[in-house]
Amino acid sequence: MMRMLHFLLALLLVVLRIVVLVQAQNPPGFISIDCGLPENSSYTEQTTGINYISDAKFIDSGVSKSISPIDKASRQQQLAYVRSFPSGARNCYRINVTRGTKYFIRATFYYGNYDGLNQAPEFDLHLGPNVWGTVKFPNASLAAFSEIIHTPSQNHIRPCLVNTGAGTPFISAIELRILNNNTYITNPTGLTLVYLRRFDIGSITNKEYRYSDDVYDRLWMPLTINSWTKLSTSLNADDVIQNDYRPPAVVLSTAATPVNASDLFDFSWKPDSVTDQLYFYMHFNEVVELTPNVETREFNILINGNRWYGPLRPAYKIVTTIFSRTASSGATSYQFTLLPTGNSTLPPILNAFEIYIAKDFSQSETQQDDIDAITNMKNVYGVARNWQGDPCAPITYMWEGLNCSFDGNNPPRITSLNLSSSNLTGEIASSISKLTMLEYLDLSNNNLSGPVPDFLTQMQSLKVLNLGKNNLTGVVPSGLLDRSKAVIPVVASVAGIVVLLAIVATAVVCGLKKRKPRATVNSHVEPNTPNVSQLESKQRQYTFNELTKITKNFDTILGRGGFGTVYHGLIDDTQVAVKMLSSSSVKLLMRVHHKNLTSLIGYCNEEANIGLIYEYMANGNLDGHLSGKNRRAKFLTWEDRLRIAVDAAQVVLLEIITSRPAITKGQEKTHISQWVSSMVSNGDIKNIVDSRLHEDFETSSVWKAVEIGMASVSINPARRPNTSEIVTELKECLAIELARKRSGRDTENNDSIELGSLNLTTEVGPLAR
């Protein structure tokens with residue numbers, strides 16, 4: 001008997017251990033991260049049964065903090081800690097995911113007075129290079145959360161906390177759940193849906209529901225209105241025939257209907273902006289078993305009086321989801337009406353309702369091989385810099401020491417890496433060879449040792465290499481020496497914009513220790529040598545001696561730019577400007593002639609002495625007029641600016657409108673399009689325009705010009721207008737301004753904007769599931 005009892009007790013312990021193990025494992029597709037939880041820790045949250053792990057392996061910055069004991073006692077366990085980020089403008093997690101799989105992602109923030117300041121901060125949340133949203137706490141005692149539905153294009157995601165100067169960012173939890181790819185589809189595909197509301201309509205418990213009631217762990221909030229009657233039934237998960245959206249049975253077991261059967265069943269939603277691209281999802285399940293041929297519940301669904309779907313007959317214990325196939329936008333309010341048909345004997349019902357706003361997260365992350373290579377270098381060398389998030393994007397948060405190329409909708413590529421004076425030790429990392437678009441590499445003034453690796457000779461894009469002041473040994477690879485024979489600076493054109501790639505392509509290897517052979521090399525790495533035949537013949541070619549005479553031995557400097565120094569000169573009493581640069585840019589620049597652009601008069605191409613001769617601009621350049629640097633320059637009115645834009649300067653339209661530089665330099669580099677976008681989102685058109693215009697313009701003309709400028713710099717090439725479209729739109733802007741001047745209208749009180757018509761595409765309509 002005792003032996004049998006011991007056996008039963010042992011068996012019971014085994015069973016209990018199996019139960020605990022099963023409970024500690026997350027459902028398939030769940031990643032649940034407790035931010036700030038001590039490293040290597042994990043637990044199962046008692047109220048949900050979800051297993052949480054520490055965030056330590058997903059991030060290498062920030063500090064772990066614990067919320068106050070009073071707050072901790074009343075909250076779920078995943079809110080007990082936070083990870084706080086007192087240092088760095090941007091701090092990012094890296095979480096591995098399955099590329100092309102649709103994820104439901106939630107970030108949760110509970111302040112809990114973790115810092116003892118009793119003042120919750122405000123900060124931004126990014127997903128990789130794209131802005132997710134702003135985290136605000138209207139009430140510091142409440143938790144905030146933000147949810148998105150997102151399909152990653154890479155094998156990882158990077159949620160980032162961004163300090164905006166309004167307090168220290170922090171985060172409590174990050175949760176990912178895999179969704180069915182056939183759900184929450186947008187048009188165009190690939191947009192990210194940001195959660196606005198998710199309602200449990202007609203709830204009789206007034207509770208919030210999530211996992212395990214919801215298999216996707218969505219959070220459902222109760223909503224009841226006095227003019228509604230609640231209907232309910234008892235449902236288990238197995239009682240309902242589900243669709244791909246799988247709303248929880250407990251939510252489907254209740255519904256709302258009008259108090260009076262003859263009343264309309266309607267409600268409204270007001271978006272934050274008329275430009276919001278909204279997607280709606282309505283979930284239906286008949287909660288009453290209707291008497292056949294006697295009772296009928298049938299209705300149409302209208303949005304702002306337009307038929308959205310119908311007629312619909314909710315089926316008993318069968319889920320039907322009505323959803324947007326395309327976004328709704330352009331309205332200040334959305335009125336939803338569930339209108340009974342003539343066949344219906346019962347009023348409409350609604351069980352659940354979701355609202356999302358679509359956002360374009362199309363800013364590509366850096367190319368995957370580049371990310372892997374630079375991340376490997378970060379780990380190998382222990383780079384002591386705030387290298388967080390995507391290396392290249394957005395431009396404002398590009399990693400220190402890097403420069404990148406941006407080519408339309410293609411992923412950014414790393415083209416320049418400067419790790420000079422970074423206390424690097426060991427050999428030159430082989431992962432550098434994976435940066436196949438690298439043009440500039442500076443590893444000087446470190447403690448690198450070992451040989452100069454042969455893989456550097458295979459980096460075909462490399463033009464500048466600096467390995468000086470290290471402890472390198474051995475010989476310089478012959479391939480580098482072979483590539484060092486041409487000493488030609490290069491200037492090239494990218495998308496019509498002149499961009500300097502390399503002034504002097506120099507590799508410097510100093511202090512090589514072996515005497516046989518011993519080399520200290522200044523080598524010029526340049527694969528492409530311009531040909532004189534590229535030069536067009538209609539401009540005169542000058543000798544360098546002639547340039548010396550024209551400029552009086554290069555006596556008067558007009559300015560210095562990316563392409564070289566510009567000197568004042570005279571040709572037969574005609575003033576000219578002489579710029580010394582490379583021959584390859586002569587072909588590029590001598591083809592351009594326009595009344596708002598300087599003409600190319602001639603050129604010089606003698607070995608290393610390469611120069612261009614231009615018309616002399618006595619009135620200065622456009623930058624001088626816009627910036628106010630040229631005090632003698634005529635101030636440009638709004639009409640002047642539009643005429644210049646129409647004629648030749650579409651590519652600098654935002655600069656012409658604002659008189660701001662393309663990139664504002666400071667602690668954080670901000671591109672002009674980012675600044676304009678933030679002002680537009682606030683409807684602040686007057687502060688976008690150069691303040692020196694003193695509002696002497698037609699507001700609608702400015703709005704139109706700003707829209708054109710922003711469209712022209714869209715991340716998505718398909719959304720950018722072509723040149724002829726830009727010119728046509730700008731001419732309309734000019735016509736509006738000229739009409740104002742002719743009529744002599746006062747513009748001060750004419751800053752209202754006509755709202756666009758409601759964009760509800762009823763012809764395609766939503767789909768039922």
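A charge is said to sit over a ring if NZ of Lys or CZ of Arg is within 6 Å of the ring centre and within 35 degrees of the ring normal. The model is a predicted one, in which local features need pLDDT of at least 70 and side-chain atom pairs count only at pLDDT 80 or more, while totals for chains, interfaces and linings use all residues. Residues are numbered from 1 along each chain as its sequence is written, and side-chain values use heavy atoms, with hydrogens and water left out.

| Charged residue | Ring | Distance to ring centre |
|---|---|---|
| Lys72 | Tyr81 | 5.3 Å |
| Arg177 | Phe30 | 4.1 Å |

Across the whole structure, a search finds 32 aromatic pairs, where rings of Phe, Tyr and Trp (its six-membered ring) pair if their centres lie within 6.5 Å, and planes under 30 degrees apart count as stacked, over 60 as edge-to-face and the rest as tilted. The ring centres of Tyr114 and Phe170 are 5.4 Å apart with the planes at 50°, so this pair is tilted. Both Tyr114 and Phe170 are buried, meaning under 20% relative accessible area with a 1.4 Å probe and protein chains only. One aromatic cluster is formed by Trp228, Phe265, Phe267, Phe280, Tyr334, Phe336 and Phe353.

Turning to the strands (DSSP runs of E, at least two residues, numbered from the N terminus), three of them form an open sheet in the order E29-E31-E33 with parallel pairing; two strands pair if DSSP finds at least two bridges between them. Strand E29 (425-426) and strand E33 (471-473) stand at the edges, each with a single partner strand, so one side of each has no neighbour in the sheet. E29 is joined to strand E31 (residues 447-451) by two bridges, and the bridge partner of Thr425 in E31 is Asn447.

Methods
Buried < 20%, exposed > 50% of the residue type's maximum accessible area, 1.4 Å probe, protein only. Helix = DSSP H or I, 4+ residues; strand = E, 2+ residues; numbered from the N terminus.
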